[in-house]
Each structure stands twice: as C-alpha cells, then as structure tokens.
Amino acid sequence: MEARQTEAAMANPVRAAERAAPVPCPRPAVKPPPGRPPRPVPPKDDPDQRAVGGPALATDGLVVPPGAPRPPALTATSWLVADLDTGEVLGGCGPHVYGTPASVQKLLLAATVLPKLDPKRTVTVTDEDLAIEPGSSAVGLVRGGRYPVSTLWLGLLLNSGNDAANTLARLGGGDGGVAATVAEMNAQAKRLGANQTHAVTPSGLDGPGQFTSAYDLALIARVCFARPDFRRYALTRSAQMPAQKALKKGGFQFQNENRLIYNYPGALGGKTGFTQLARHSYVGAAERGGRRLVATLLGAEASPLRGWQQGAALLDWGFKVPRGTSVGQLVGPQDDTDTVKDAPAPQARSRQQATVARAGIPGGVSVGAAAAVAVVLAATPLLLLLTQRRRRVRRRRTRRSPAFPLH
C-alpha cells in the first residue's frame with residue numbers, strides 16, 4: 001500500500017500535497033467582530049498555482065520546517081514569511097489561499113509605476129484624482145494643487161492616501177489614465193509570478209474580483225524592497241505637504257502609519273491596509289544580523305494584536321528559523337519567453353526539509369507519511385519545470401466609518 005501511495009505521489013506531487021490533511025494554524029481564542037461582512041467568493045483553485053514555489057505550499061493550513069519553533073497565534077487568515085534576498089519561504093499559513101488585499105495593493109502600484117515617473121516632476125491634481133470612497137483614507141491633496149511626484153509617493157506609502165493612489169495611477173497610465181495603470185498592474189503581477197493577484201482599483205479599495213495571496217504579496221514586496229527609493233519612502237517617519245498659496249491652502253505635516261518603523265529594531269518599512277471587507281492586511285520587512293525578512297498577512301482582526309504587531313510577531317519567529325531552512329521558494333520575474341530569472345534555487349538541505357511541519361504541534365507524522373512527503377519534495381524541480389511548460393503552452397495559445405479608515 002505504501003509503495004502505491006509513494007508511486008502516486010511521484011506521479012502527481014501537487015495532488016499528493018493537496019490530499020494531506022492541513023495542519024491547523026495557531027490562532028488566538030477570539031471571536032470575530034459582529035457585523036463582519038462575508039468574504040467574497042474567490043476564484044476556483046488552480047492546482048498549478050497552489051504549488052508555485054514548491055508543493056509544500058499547496059496547503060490551506062500551516063507549513064513550517066521540521067524543528068522550527070511554533071509560530072505565533074494570529075487572527076490573520078493567511079500569512080507567509082520569506083527571505084528578501086534568497087527568496088526562501090520560511091513558513092506560512094495557507095500561502096496560496098485567496099484573500100482581499102485592501103491597501104497593501106498599493107505595493108503593486110509602486111512596483112508598476114515607481115520606475116516610470118520622475119520624482120522631481122510637479123503635477124496638478126484633478127477632480128478625478130479626488131474621486132475616492134467617502135470615509136476612505138486621503139493624504140489631503142486639493143483640486144488644482146501642484147505637488148512633486150515624490151510627495152505623492154510619500155502620501156501613498158505613509159498615509160495610505162487613496163487620492164495619491166489615483167493621481168499616481170493617472171500619471172502612470174499616460175493617455176489611458178487609471179484604467180491603463182490597473183491593466184499594467186495586472187500584467188506586472190503576472191510577470192512577477194503573482195498569478196493569484198488581480199487588481200481592480202489602484203488603491204486597494206474593494207472591487208469585485210479583486211484578490212491576492214500571502215505568497216503573491218511577498219513576490220511584490222520583494223520587488224519593491226529591491227528599490228532604494230521605495231525603501232527611503234517606506235522608512236520616512238513624517239513628511240510635509242507643501243502649501244498651495246494660489247489656492248490659499250496651508251501646508252501640513254503627515255505621519256507614517258506603519259508602527260513597525262517606530263517600534264521594531266531593524267525595520268525596513270512596509271504597508272498597512274484595512275477595509276470592512278478585507279479586514280486588516282499587512283506587509284512588513286526588517287533586517288537582523290545581515291538577514292532581511294518580509295512578513296505578509298491577510299484577513300486579520302485588530303485584537304488581540306494589530307496588523308503590524310502580527311507582522312512583527314511573524315518577523316520575530318522568522319529570525320529564529322535557522323538560515324538555509326525553508327519550505328519553498330519565491331519565484332523570480334518572468335520575461336516574454338516565460339523564463340524564470342533571478343530566483344536563487346533553495347539549498348538541497350532546504351528542499352529536503354520542506355514539509356508540512358508538526359514541530360511544536362500536537363501529534364506527529366507516520367514513517368510512511370514522512371516518506372511520501374519526502375518523495376513529494378524531491379519532485380519539486382520536476383513540478384516547477386512542468387508548471388512553466390504548461391504556462392508556455394497556454395501563453396502561445398492565447399497569443400494567437402469604522403474604527404479604521406478604509407485604505
């Protein structure tokens with residue numbers, strides 16, 4: 001019987017990983033808040049997408065390396081911790097489970113538009129730029145006001161300004177405006193391998209069919225944190241909005257809402273997010289001992305820990321995981337021929353150790369199950385090759401208020 005199970009796992013490692021019973025993620029004993037809207041219905045799961053980065057990531061439950069410390073108990077419905085430099089995934093909870101992004105989607109806007117705009121350029125704000133959902137976060141741009149692009153980025157990343165998001169998206173889209181930028185954001189997501197991400201709004205304000213995953217957010221964050229300008233903006237504690245003398249509007253100071261940069265040693269910055277539908281989302285990164293980690297989470301509640309505090313708890317956990325230990329890999333960006341580039345291969349030791357962990361969790365794994373998992377992991381390179389081949393074929397075919405403001 002075990003031989004037949006092992007043979008089946010070798011034939012289809014993704015299906016084998018899916019059949020494994022998910023390990024429950026540690027969660028605090030708290031009830032969801034009353035009146036929380038139901039989650040939107042996500043797209044149908046694609047087994048290929050659930051296994052991007054390695055078959056061990058194709059789980060709705062917990063995946064951590066054997067012997068790793070127990071992760072923190074969080075209200076987030078899904079999360080992931082990865083190394084920004086090596087791309088190693090240290091662990092996660094439902095890494096490929098669809099979630100609603102809220103304002104962490106602004107990172108995709110930054111990854112798409114930052115390279116296109118001169119930060120010294122001065123632009124004029126229009127009525128269209130200020131057309132945002134009532135009650136949602138705004139940095140305070142005024143119609144007819146003239147602002148440097150660099151100030152718009154600060155307004156976007158520090159204050160989660162949806163007015164800044166609209167302005168930057170309009171500028172980045174050229175004649176096509178915001179719609180062109182949203183389309184480019186989706187194209188950028190696919191190029192990065194973030195195939196579970198679909199943007200409808202540039203700001204992350206809710207829109208029908210708008211989804212992402214904790215894994216995809218790590219791919220997007222990795223691109224952002226590779227840019228010195230993004231790191232500089234994300235670590236800025238406060239900024240000055242220039243006065244608009246012609247409009248008789250005074251200037252003012254605004255602050256960075258990401259409390260991680262004030263309270264976590266080695267913080268590199270990140271992004272907060274909240275809507276009633278998405279709940280709290282968060283992306284945060286930090287450096288310790290020459291090691292740079294990023295934590296992403298979706299669907300969290302603010303009690304007993306706020307979003308940034310849950311991110312900080314994940315970072316603390318990640319820094320305790322030994323170097324070179326992983327459960328998967330962040331894929332690299334793809335070019336027009338669908339070639340994966342710049343994605344460091346995990347060390348052989350890391351591949352062997354990638355498993356749905358039982359470390360620090362009641363129960364254990366039988367010898368037969370452990371052997372089957374080992375076979376699944378050994379098949380990772382073949383799986384990734386087949387996945388890329390399927391994508392190439394598909395591409396050839398297609399070628400022919402609340403307590404928290406919405407942000």
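**Entry 1: Cys93**

I looked up Cys93 and found that this residue is buried, with a relative accessible area of 0%, where buried means under 20% relative accessible area, exposed means over 50%, and partly exposed lies in between, for a 1.4 Å probe and protein chains only. Cys93 sits in strand β3, and I note that helices (H or I, at least four residues) and strands (E, at least two) are DSSP runs numbered from the N terminus. This is a predicted model, in which local features need pLDDT of at least 70 and side-chain atom pairs count only at pLDDT 80 or more, while totals for chains, interfaces and linings use all residues. Residues are numbered from 1 along each chain as its sequence is written, and side-chain values use heavy atoms, with hydrogens and water left out.

Which residues does Cys93 touch, not counting those up to four places away in sequence? I listed Cys25, Arg27, Gly61, Leu62, Thr77, Ser78 and Trp79, taking contact to mean heavy atoms within 4.5 Å. I also looked up the C-alpha atoms of Cys93 and Val81, which are separated by 9.4 Å, with the two residues 12 apart along the chain.

**Entry 2: the disulfide**

I then searched the whole structure for disulfides and found 1, a disulfide being a pair of cysteine sulfur atoms within 2.5 Å. It joins Cys25 to Cys93, with 2.2 Å from S to S, and the link is right-handed, with 105° about the S-S bond. Cys25 lies in the loop between α2 (13-19) and α3 (47-50), and Cys93 lies in β3 (residues 88-93), so the pair ties together parts that are 68 residues apart in sequence. Both Cys25 and Cys93 are buried. I checked Cys224 as well, and this residue counts as buried because its relative accessibility is 1%.

**Entry 3: confidence**

I looked up the pLDDT, which is the predictor's confidence in each residue, from 0 to 100. The protein chain has a mean pLDDT of 84, and 78% of its residues reach 70 or more. Over residues 1-18 the pLDDT is below 50, and this stretch has 22 contacts in the model beyond near neighbours in sequence. Over residues 336-402 the pLDDT is also below 50, and there I noted 114 contacts beyond near neighbours in sequence.

How many residues of helix α5 are buried? In this helix, which covers residues 149-159, I found that 10 of the 11 residues are buried, including Trp153, Gly155 and Asn159. After α5 comes Ser160, whose phi is positive, near 55°, although Ser160 is not a glycine. Ser160 is in the loop between α5 and α6, and it counts as buried because its relative accessibility is 0%.

Gly174 follows α6 and has a positive phi, near 60°.

**Entry 4: backbone angles**

I kept in mind that most residues other than glycine have a negative phi, and that most peptide bonds are trans. Ala102 has a positive phi of about 55° although it is not a glycine, and its place is in the loop between β3 and α4. Ala102 is buried, with a relative accessible area of 0%. Is the peptide bond from Ser303 to Pro304 cis or trans? I found that this bond is cis, with omega near 10°, and that Pro304 lies in the loop between β10 (291-300) and α11 (307-320).

Leaving aside neighbours within four places in sequence, I found Val104 in contact with Leu217, Lys271, Thr272, Gly273, Ser281, Tyr282 and Val283. Val104 and Val283 are 179 residues apart in sequence, but their C-alpha atoms are 6.8 Å apart in space.

Which residues line the largest cavity? I noted Pro101, Val104, Gln105, Leu108, Thr197, Thr212, Leu217 and Ile220. By class, this lining has 5 nonpolar, 3 polar and no charged residues.

Conventions. 1 Å grid on protein atoms, 1.4 Å probe; cavity = no way out; pocket = protein on both sides within 12 Å on 5 of 7 lines; lining within 4 Å. Nonpolar A, V, L, I, M, F, W, Y, C, P; charged D, E, K, R; others polar.
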